[in-house]
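Thank you all for coming; I would like to walk you slowly through one structure today.

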Amino acid sequence: MTVLHTARLRLEPITEAHYERMRVLNTDPEVMTYLNAGQPEAEEKTRMAVERTKQRWLEWGYSWWALIRIEDGVLVGMACLQHLDGDRNQPHEIGWRLARAGWGQGYASEAAEAIVAHAFGVVKAPEVVAVAHPDNAASIKVMTRLGMQYVGRGVHYGLESVVYRLPRP
């Protein structure tokens with residue numbers, strides 16, 4: 001499993017060791033505003049996500065990373081390279097979820113840049129896409145900062161979403 005590094009973060013594949021911090025993140029109504037209508041994620045759903053993530057690392061060679069701040073070892077969020085809607089026939093998708101303490105500090109952009117480089121350089125993805133709730137201005141800002149272009153709307157993960165795309169250079 002691939003560990004990525006940036007100036008301030010270590011991206012390590014999610015395992016059971018990250019479960020407790022994931023639970024804190026996934027039960028914060030503000031973090032979940034655009035992901036689960038502000039509702040905390042059920043404990044079983046988070047446990048299933050850890051198992052699914054581990055399986056995808058084995059099957060695909062990529063999935064979700066824990067974003068660990070190098071200076072203090074704190075998990076400040078999660079980010080991914082996966083297939084849109086979990087369907088291997090769909091394009092590669094990048095995504096992120098940050099703890100409130102990590103908002104506005106550039107961690108999502110920093111992690112996303114590393115993941116895009118990995119997607120194009122190692123995985124050889126022909127493109128990456130990202131989706132967000134139409135009102136999630138912070139995520140849309142990260143997408144545009146990466147050079148992604150708006151391609152439309154769709155329903156992904158059961159939610160109305162805007163879709164952005166970045167082709168491999």
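This is a predicted model: local features need pLDDT of at least 70, side-chain atom pairs count only at pLDDT 80 or more; totals for chains, interfaces and linings use all residues.

Residues are numbered from 1 along each chain as its sequence is written, and side-chain values use heavy atoms, with hydrogens and water left out.

Let me start with strand 4, residues 75-83, where nine of the nine residues are buried. Buried means under 20% relative accessible area, exposed means over 50%, and partly exposed is in between, with a 1.4 Å probe and protein chains only. Helices (H or I, at least four residues) and strands (E, at least two) are DSSP runs, numbered from the N terminus. Two strands pair if DSSP finds at least two bridges between them; strand 4 pairs with strand 3, residues 64-69, in the antiparallel sense over five bridges, and seven bridges join strand 4 to strand 5, residues 92-98, also antiparallel. If you look across these pairings, alanine 66 stands opposite methionine 78 in strand 4, and glutamine 82 stands opposite glutamate 93 in strand 5.

Now to the rings. Rings of Phe, Tyr and Trp (its six-membered ring) pair if their centres lie within 6.5 Å, and planes under 30 degrees apart count as stacked, over 60 as edge-to-face and the rest as tilted. By this rule there are three aromatic pairs, one of which is the tilted pair of tryptophan 60 and tyrosine 62, with 5.9 Å centre to centre and 40° between the planes. Both tryptophan 60 and tyrosine 62 are buried. Another is the edge-to-face pair of tyrosine 150 and tyrosine 164, at 5.5 Å and 70°. Tyrosine 150 lies in strand 7 (residues 149-156) and tyrosine 164 in strand 8 (residues 159-167), so this pair ties together parts that are 14 residues apart in sequence.

Finally, which side chains meet in a salt bridge with arginine 47? A salt bridge is a side-chain nitrogen of Lys or Arg within 4 Å of a carboxyl oxygen of Asp or Glu, and the partner here is glutamate 43, at 3.2 Å, N to O. Both lie in helix 2 (residues 43-60), four residues apart, about one turn of the helix.
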